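Colleague: I am new to this structure and would like to learn how to read a few of its features. Could we go through them one at a time?

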Amino acid sequence: MTGAEAEGERPSTDSGQRPSTGSGQRLQKVLANAGVASRRVAENMIVEGRVRVNGRVVTELGSRVDPENDLVDVDGTAVQLDQSKRYVMLNKPTGVVSSMKDDRGRPDLRRYTEEWDERLYNVGRLDADTSGLLVLTNDGELAHVLAHPSFGVTKVYIAKVEGTVTAQTIQRLVRGVELEDGPIAADKARLLSTSAEGGGSLVELTLHSGRNRIVRRMMAEVGHPVVELVRRQFGPLHLGTLPAGRTRELTKVERGALLTLARRAAPQED
């Protein structure tokens, strides 16, 4: 008898779980294949009650899952089981439209997806004159959830604006301003720097709104038009030191955080 089989004889501590016994792959093998841990460590995670399948804690080592349909998480973080899905971060330069084909002939996103065999699409949009973090993926379900207006994924922007921004202006952005399509308030706002010679200010804004050109319109409303704008953060993802015009695949930790966010948001859809 192998060690795994001996451990598999332990009774479950969760009377409500429903481990599969028919088709599919053993849960510990699936976790190992997904790069979570070695099979032995994955077995320990299961026995310790750290693994859930479709929201239900599973502690039986004989449990089987379908990697294409079942949702698995470890310690509350989603695990990517479908290895055909690709998740890429792009630092979109200014002058590039957030489209795979622009009908006006402007530079688009196709040049940034050519190195992958999968057909990737952008999650949400950035204006042509805004640079920064954009996610490219072939996971249509995740893209739909994260871009859905009701989800309200948090985004962090750094705006270089005209004039000297005061503390009172920052407070006004957080309290809210009235725009032509209704009131809007920043989740957070802070002044990063100002120029003593009146050469402008740097402002960080955190928003969950998906309205078009919202940062530019908010700053114009408070009297400080945007000169340059970059998105530094999208949900749990940070742009970091990725140069403009460059791409990289998300790390395992980043993929887990993004999938966790998407799965939690999915039941909120209309």
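Colleague: Which residue forms a salt bridge with E254?

Modeller: Keep in mind that this is a predicted model. A salt bridge here needs a side-chain nitrogen of Lys or Arg within 4 Å of a carboxyl oxygen of Asp or Glu. E254 pairs with R248, and their closest N and O atoms are 2.8 Å apart. E254 is buried, at 15% relative accessible area, whereas R248 is partly exposed, at 26%.

Colleague: How many salt bridges does the rule give?

Modeller: The count is 18. One of them joins D127 to R213, with the closest N and O atoms 3.5 Å apart. D127 sits in the loop between strand 8 and strand 9, and R213 in the loop between strand 14 and helix 6, so this pair ties together parts 86 residues apart in sequence. Shared partners also join D127, D129, R213 and R216 into one network of salt bridges.

Colleague: Which residue forms a salt bridge with E221?

Modeller: R172 does, the closest N and O atoms being 3.9 Å apart. This pair links helix 6, where E221 lies, to helix 5, where R172 lies, 49 residues apart. E221 is partly exposed, at 37% relative accessible area, and R172 is also partly exposed, at 33%.

Colleague: What follows helix 6?

Modeller: G223 does, and its phi is positive, near 90°.

Definitions and conventions. Residues numbered from 1 in each chain as written. Predicted model: local features only at pLDDT ≥ 70, side-chain atom pairs only at ≥ 80, totals over all residues. Heavy atoms only, no water. Helix = DSSP H or I, 4+ residues; strand = E, 2+ residues; numbered from the N terminus. Buried < 20%, exposed > 50% of the residue type's maximum accessible area, 1.4 Å probe, protein only.
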